[in-house]
Amino acid sequence: MTIDIEAARAILRANDRGGYTVPTDRLYPFQWNWDSAFVAMGWATFDEERAWRELERLVEGQWNDGMVPHIVFHAPSDDYFPGPDVWRTRHSVPTSGITQPPVFATALRHVFEIARGPDAQARAARLYKCALASHDWWDRARDPEGTGLVAILHPWESGMDNSPAWDEAMARLTLQPTTPIRRRDISHIGAEMRPRDEDYRRFIALVDLYAGLGWEPAAMWRASPFKLVDVATNAILHKADEDLLVLAEKFGSDAERRRIEARMARRAAAFAGLWNQDRRIYQARDLGTGTVVSASTSAGLLPLFAGIPGARQADELAAELESWLARAPYPVPSTSPLDPRFEPKRYWRGPVWAVVNFMIAEGFARYGHMALAARIRTATLALMRDGGIAEYFDPTSGEGLGGGQFSWTAAIGLLMTDQPTRGQRGL
Ligand code: DGY
């Protein structure tokens, strides 16, 4: 199975705004954090220089405290809400005030290991420092109590904005936004594929709360009514730490390596608390109630990507996924089709996302579930071939949904075609 390689490359070129790639024209007119990391790996399949630039432009937005923001507003646009005027941050390139899943170090290792340019060492050494500062920030700002697992303070930090895993915590919010909500997303695509207005009211209420605290992480942690230990974020951070450790062998100090190893050991042990044996999947923990969130989502499979589960748990995750696919044949639905909150067309409440499939396929391959990994990769490429290089796909019909000509989907198409058996070098 393959896709039209030239068409996928053309999407990245068309979405290039001068060293950074917008996820798609108009709907997302800036540089997004985790999008860019996947996109850099996509560029690396055919344009090494451009892959480096993607990562370098992202860290133009990095804050002094190490946070890599979820959006870098390199150039103004009226096509998106909330823009810099709502975020009210102080960085010299305007940025949002929260982060997103840290795929950066994984992308950096990937680009470095295939780079041939004479400046690869120097570029990687500089970006290694940025990645390390970002992981240190996660530790301080999002796990200040030293539990081993980080918590997100906004659904947008998970990248999986309206996942059912956030429903209960979001429903408890009593905060009201002070910023008027002027949604632009639903003027670009159908409202039935996007989060609801009530989600946006709560998203912006949290932004207003944190803007009022000057985006100071300790104050945000104390005041936040939304503190969720997201499975995906922790799994991605763990994989990124594994990749950072490899880079640290070359570019880091002994003390840095020990710090990364200690964090990984703490996190690997703490992950046991997120495993739900009855549901055969990892589930988020709500620090507001101290309880596990009863929602089975594709995030719950991502610990495979980081080598967290034991072999028996990996088998159970495979069995759980098979039960989902009996209901919705296109892997991998973002919410279990057995969950009453499953909505096959609404953003993170059901649709298939190529980047998540990439990580899950890598994860199953890591555990020797080669047939399932191959099935996910083949299906992902078939979705792109038949449904277009769309933002996401309906897991019941395969229909392409959301924004079109989508950068990270194109990047995954290139990666899966380039490396059909192992999506990631050096694993
Ligand atoms: C959006 O605007 O939909 C983004 O996912 C927020 O980062």
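A polar contact here is a pair of N or O atoms within 3.5 Å; within protein, one must be able to donate a hydrogen and the other to accept it, and residues adjacent in sequence count only if both atoms are side-chain atoms. The structure is a predicted model, in which local features need pLDDT of at least 70 and side-chain atom pairs count only at pLDDT 80 or more, while totals for chains, interfaces and linings use all residues. Residues are numbered from 1 along each chain as its sequence is written, and side-chain values use heavy atoms, with hydrogens and water left out.

**The ligand and its contacts**

| Side chain | Distance to a ligand oxygen atom |
|---|---|
| W32 | 3.0 Å |
| Y80 | 2.6 Å |
| R194 | 2.7 Å |

On its own the ligand has 240 Å² of accessible area, and the protein covers 96% of that (by the Shrake-Rupley method with a 1.4 Å probe; for residues, only the protein chains shown count as cover). Around the ligand stand Y28, W32, H70, Y80, W156, D161, R194, Y200 and Y347, where a residue is near if one of its heavy atoms lies within 4 Å. This shell comprises six nonpolar, one polar and two charged residues. In this scheme Ala, Val, Leu, Ile, Met, Phe, Trp, Tyr, Cys and Pro are nonpolar, Asp, Glu, Lys and Arg are charged, and the others, Gly among them, are polar.

**Cavities and a pocket**

Where does the ligand sit? Its place is the largest cavity, as more than half of its atoms lie within 2 Å of the grid points. On a 1 Å grid over the protein atoms alone, a cavity is a set of points where a 1.4 Å probe fits but cannot get out, while a pocket is an open set with protein on both sides within 12 Å along at least five of seven lines; lining residues have an atom within 4 Å of a point. Grid points are joined across faces, edges and corners, and a volume is the space filled by probe spheres set on the points.

The whole structure has four cavities of 30 Å³ or more, and the largest holds about 210 Å³ of space. Its lining has 19 residues, with Y28, W32, Q100, D161 and Y347 nearest the centre; 12 are nonpolar, three polar and four charged.

The largest pocket has about 260 Å³ of space. Of its 17 lining residues, S77, Y80, F81, G83 and D85 lie nearest the centre.

**Backbone notes**

Most peptide bonds are trans. The bond from F81 to P82, however, is cis, with omega near 5 degrees. A cis bond also joins P331 and V332, with omega about -5 degrees.
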